[in-house]
Amino acid sequence: MIRNAVPADHAALLALWQANAPRQGYASRPDAEVDRLLFRHPYFSYEYTFVRAEQGRAVAFICGCVGNDIPHGRERGCFTCLAADPAWDTPETTVQLLDALEEAFRVAGKTASAVMRAIRLVYTLHYPEYSIT
């Protein structure tokens with residue numbers, strides 16, 4: 001099931017990140033730094049964070065952001081990261097999470113999506129059959 005993340009998910013999402021993001025190509029960082037850079041970042045919003053939950057457990061999540069002061073932010077939302085348990089790290093999970101995020105961008109009046117540069121490289125390396133430029 002794909003759903004919006006809520007503040008009560010914070011500890012589970014941090015644990016999911018720490019257990020899986022380094023395997024997916026993200027730099028390993030202490031909890032406090034991940035918290036500061038991701039979950040406490042000024043652009044972070046649960047409105048643009050989605051969780052894949054299976055049997056009541058978060059198995060993957062995606063974050064995005066919007067902001068008029070982001071380049072082209074008046075018309076587009078930005079995909080920032082995705083982390084997944086290895087059993088759920090599939091193109092299907094990725095597509096479902098991206099669809100949820102893009103729908104949230106549409107509801108917010110955005111007409112396009114952007115992929116942050118660091119994520120573009122990781123996604124291309126992780127799923128070479130998809131070309132994101």
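In which helix do Arg 106 and Glu 103 both lie, and how many residues apart are they? Both lie in helix α3, 3 residues apart, about one turn of the helix. Helices and strands here are DSSP runs numbered from the N terminus (helices are H or I with at least four residues, strands are E with at least two).

Before the details, a word on the basis: this is a predicted model, in which local features need pLDDT of at least 70 and side-chain atom pairs count only at pLDDT 80 or more, while totals for chains, interfaces and linings use all residues. Residues are numbered from 1 along each chain as its sequence is written, and side-chain values use heavy atoms, with hydrogens and water left out.

**Strands around β2**

- Strand β2 covers residues 49–54 and is mostly covered, with 5 of its 6 residues buried; buried means under 20% relative accessible area, exposed over 50%, and partly exposed in between (1.4 Å probe, protein chains only).
- With strand β1 (residues 2–4), β2 pairs in the antiparallel sense over 3 bridges; two strands count as paired if DSSP finds at least two bridges between them.
- In that pairing, Asn 4 stands opposite Phe 50 of β2.
- Strand β3 (residues 57–65) also pairs with β2 in the antiparallel sense, over 6 bridges.
- Val 51 has Phe 61 as its bridge partner in β3.

**Salt bridges**

- Side chains of opposite charge can pair when their charged atoms come close.
- A salt bridge here is a side-chain nitrogen of Lys or Arg within 4 Å of a carboxyl oxygen of Asp or Glu, and the count comes to 7.
- Asp 9 forms one of them with Arg 3, where the closest N and O atoms are 2.8 Å apart.
- Asp 9 counts as buried because its relative accessibility is 9%, whereas Arg 3, at 25%, counts as partly exposed.
- Asp 89 and Arg 23 meet through their side chains in a salt bridge at 3.4 Å, N to O.
- This pair links distant parts of the chain, 66 residues apart: Asp 89 is in the loop between β4 (76–84) and α3 (91–107), and Arg 23 is in the loop between α1 (10–20) and α2 (31–39).
- Asp 89 has 12% relative accessibility and so counts as buried, while Arg 23, at 39%, counts as partly exposed.
- Back in helix α3, the side chains of Arg 106 and Glu 103 meet in a salt bridge at 3.0 Å, N to O.
- Glu 103 is partly exposed, with a relative accessible area of 39%.
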